[in-house]
Number of protein chains: 2
Amino acid sequence: MNHEVYMARALQLAARGIYSTSPNPRVGCVIVNNGEIVGEGWHQKAGEPHAEVHALRMAGERARGATAYVTLEPCSHYGRTPPCALGLINAGVARVVGACSDPNPQVAGKGFAMLRDAGIEVIESCMSAQAETINSGFMKRMRTGLPLVRIKLAQSLDGRTAMASGESQWITGAAARSDVQRLRARSCAIITGADSVLLDNPSMTVRPAETGVELEARLWRQPLRVIVDGQLRVGNNARLLQAEGDILIASTRQPGAPLLRPANSGALNYWLSPEVEQVPHVDLTALLRHLGSIGINEVLVESGARLAGAFIEQGLIDELVVYTAPTMLGSDARPLVQLPLTRMAEQLRWRWQDVRMVGDDLRLTLVPSCGDKH
Amino acid sequence: MNHEVYMARALQLAARGIYSTSPNPRVGCVIVNNGEIVGEGWHQKAGEPHAEVHALRMAGERARGATAYVTLEPCSHYGRTPPCALGLINAGVARVVGACSDPNPQVAGKGFAMLRDAGIEVIESCMSAQAETINSGFMKRMRTGLPLVRIKLAQSLDGRTAMASGESQWITGAAARSDVQRLRARSCAIITGADSVLLDNPSMTVRPAETGVELEARLWRQPLRVIVDGQLRVGNNARLLQAEGDILIASTRQPGAPLLRPANSGALNYWLSPEVEQVPHVDLTALLRHLGSIGINEVLVESGARLAGAFIEQGLIDELVVYTAPTMLGSDARPLVQLPLTRMAEQLRWRWQDVRMVGDDLRLTLVPSCGDKH
């Protein structure tokens, strides 16, 4: 039997959860009996049934003696739902093919062990790289306590974002902006800085219609919006406060009175940071650790050049997404990121991960290069 | 009969001449008799037989009644070789399929007419776009008197070329540098500026071994090296003067004594430019017109940020080739091109033509956008 064929299908199903499962991982499950797919499922939302439950329900009696393909090790603990390993055992499946194990310390091999103890054949590591990628944020948080940090930048061909005067407009086209909406939608939190809030006054929300993604209305959620505001400069007129969704303000100062939000628009919390020397004086590593502790898997940084530069210079970025528009803004225009390097030896090297056209713009995705030089 | 199959082969043959035919166009010819290719040829070097002659020689008697595929209209005039149209007539071919007509005023439809007058069936415009592309420089020169101007730039991900101090090193990798050698080798002239010569002291030659191209030794040629040196700052110690190949110095000043070159290294000429206001004070349009008048089809600009900026700002670039290395040099580093724009309305828009990896670097090819905006 070609396990990869069914696992690829399970991964497709898992990917449907990309915008809705957090803080849980995205998981897909396929049940195959005698070469026929008899059950399929994906985890839709935290607190709701896991992928295996959906697939077993669909398979019913035909799960007996079947092979179950799961993109992540089935859970072995009682959480908001009973353990899936037990569900598979009770349904009488004969074999489980898993893509990767669950680094969650509550699972971490216990799921596969529970299956084996019940006499079920277990095959591990089928398409594990793909399965890891789909949950890279969850995996990183489970292993390190920190979320995956992605930064989105938009620049001209000559590496600029606006004219020296500050004059600016959409540099990239509608397709790139829609792509950014998808980046936002898959993130658990979006980090921006007081500079951006004061200058551009964005709402930083996910606008489902602009994502181009079809998803049940009940599954859309607004990521936590985090404002790095060391000196509490953001005031009550910020559009961010009006728009729906939770907000976290990261500052080195205790607020006198908290900012005001419309009733039922969402929570507003403060996180007090130790003051550090580097701009923006908020301890970004500590902030990320805090976000990890509250179940944030993937963070999107959408900020001005100064905060973006701080994240990059401090080595906190896991993935760089640069939209490049086919235009030149000239040598006096504003730089992509504030990054005051002086020697070639300080250059920050990356590794290409993906290059593709998004409408009229080019999208470059890079990851940090681990010290390898030309 | 599927004409495109044979024309595609003829275009492949034409492309072999990419590094050697100038000032002549690159031309390929395939002769097909009864579905069988009986003759093939490509133009190798100015003064030597044209593509049709090679193909007819190979076909011999089998050219009689055959179809000839030519990527460019056969010539109709006596130049350094007799007219190819006559050669095809004398060989008794029954049909000629042409990709595009020759804009050379000495030919310009007369070649096809001569064939038709001799009772040969002529089919025109088969794969004309591809055939135009392979000779875009020649075509532009024939139509406008100006060569095609390509500019090569190399930058970091954030649009920089060197540190503020001037500290620099290869930003791009070996594969990109080899690709630049190919760009040089296909060009009839390379333009650089006095800034680059004084700063980097390059030789600006084609080093065949570094191109990765296999070509008979006799076919390699050195492009004309043009130095834009408004104030005659370049001295006898310039490495450019030592290396083999002709040199043209474009200046607004008459030289007192010409620069010295080793015996047999190549010609050294001066071109006196009217002085213009814009940096670099040499009239670049007039220079290009002069280069067109001496048979230069393709020009490669390899210069510092100032001269590159002048070419771009004056709208003289037909093709932009930007090698982008996966590294960040920071916001204090030197800009890609000196281009002092102040308003968004002045931004220079381009159109993507090709995007591909060259080793570890990304190569972006763009052409000017004809005024269309997002």
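Me: Which strand of chain B do two bridges join to β13(A), and in which sense do the two run?

Reply: This is a predicted model, in which local features need pLDDT of at least 70 and side-chain atom pairs count only at pLDDT 80 or more, while totals for chains, interfaces and linings use all residues. Residues are numbered from 1 along each chain as its sequence is written, chains are lettered from A and ligands numbered from 1 in the order in which they are written, and side-chain values use heavy atoms, with hydrogens and water left out. Strands are DSSP runs (E, at least two residues), numbered from the N terminus, and two of them pair if DSSP finds at least two bridges between them. Two bridges join β13(A) to β14(B), residues 348-358, and the two strands run antiparallel.

Me: Which residue of β14(B) is the bridge partner of A:Thr327?

Reply: Strands of a sheet pair through backbone hydrogen bonds, either parallel or antiparallel. In β14(B), the partner of A:Thr327 is B:Arg349.

Me: Which strands are the edges of the open sheet?

Reply: Ten strands with mixed pairing form the open sheet, in the order β13(A)-β14(B)-β15(B)-β12(B)-β6(B)-β11(B)-β7(B)-β8(B)-β9(B)-β10(B). Pairing on one side only marks the edge strands, which are β13 of chain A and β10 (268-272) of chain B.

Me: In which sense do β6(B) and β11(B) pair?

Reply: Within β11(B), B:Val301 is the bridge partner of B:Ile151. Over four bridges, β6 (residues 148-156) and β11 (residues 298-301) of chain B pair in the sense called parallel.

Me: How much area is buried between chain A and chain B?

Reply: The contact (heavy atoms within 4.5 Å) takes 46 residues from chain A and 46 residues from chain B. Buried area is the accessible area (1.4 Å probe) that two parts lose on being put together, summed over both. Carbon and sulfur atoms give 63% of the total, which is about 4,000 Å².
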